[in-house]
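Hi everyone, thanks for making time this morning. Let me put the structure up, and we can walk through a few of its contacts together.

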Amino acid sequence: AFVFVADSAPERRAENRVALESLRRHLVAIGDADCPVILQFNRRDIAGAMRLDELVAELAPAGGSDEWFESVATRGTGVLEALTAAAAKVIDRLSAAAEERSGA
């Protein structure tokens, strides 16, 4: 699983999109297109931060299963929640793989 940390500053809009698209392309290239990606919208405390609905619309695929969290990393807000969600996704995948191998 990956935690993709997007910057909430409007001037980082294009960089966020390009970096996330690059991550998704790389996951496809290595044969793991369904790898869980948790979105962490960071710097929610800055003046002029992009609206949350804009970030979700741009970075979370329509109808996608990506989870997302708002964060202020300098305060630790939302960081543990995003990491916990990623760890839970990894555990789910490992459990499913173990069940598949055991024929359950």
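Let's begin with Arg51 and Asp53, whose side chains form a salt bridge, 3.0 Å from N to O. This is a predicted model, by the way, so please keep that in mind throughout. Asp53 is partly exposed, at 46% relative accessible area. Through shared partners, salt bridges connect Arg13, Arg17, Arg51, Asp53, Glu54 and Glu58 in one network.

How many salt bridges are there in the whole structure? The search finds 12. One of them pairs Asp7 with Arg43, with the closest N and O atoms 2.8 Å apart. Asp7 belongs to strand 1 and Arg43 to the loop between strand 2 and helix 2, so this pair ties together parts 36 residues apart in sequence. Is Asp7 buried or exposed? Asp7 is buried, at 16% relative accessible area, while Arg43 is partly exposed at 33%.

Now to Asn42, which sits in strand 2, residues 37-42. Asn42 is buried, with a relative accessible area of 13%. A polar atom of the Asn42 side chain lies 3.0 Å from the backbone nitrogen of Ala73. Beyond its neighbours within four places in sequence, Asn42 contacts residues including Asp7, Ser8 and Ser71.

Last stop, the nonpolar part. The largest nonpolar core has 13 residues, and those touching the most other members are Phe4, Leu20, Leu23, Val37, Leu39, Phe41 and Leu59. Strand 1, helix 1, strand 2 and helix 2 each give two or more residues to this core. Apart from this core lies another, of five residues, including Ile38 and Phe69.

Technical notes:
Residues numbered from 1 in each chain as written. Predicted model: local features only at pLDDT ≥ 70, side-chain atom pairs only at ≥ 80, totals over all residues. Heavy atoms only, no water. Helix = DSSP H or I, 4+ residues; strand = E, 2+ residues; numbered from the N terminus. Buried < 20%, exposed > 50% of the residue type's maximum accessible area, 1.4 Å probe, protein only. Polar contact = N/O pair within 3.5 Å; in protein donor to acceptor, adjacent residues only side chain to side chain. Contact = heavy atoms within 4.5 Å. Core = buried A, V, L, I, M, F, W, Y, C linked by side-chain atoms within 4.5 Å. Salt bridge = Lys/Arg side-chain N within 4 Å of Asp/Glu carboxyl O.
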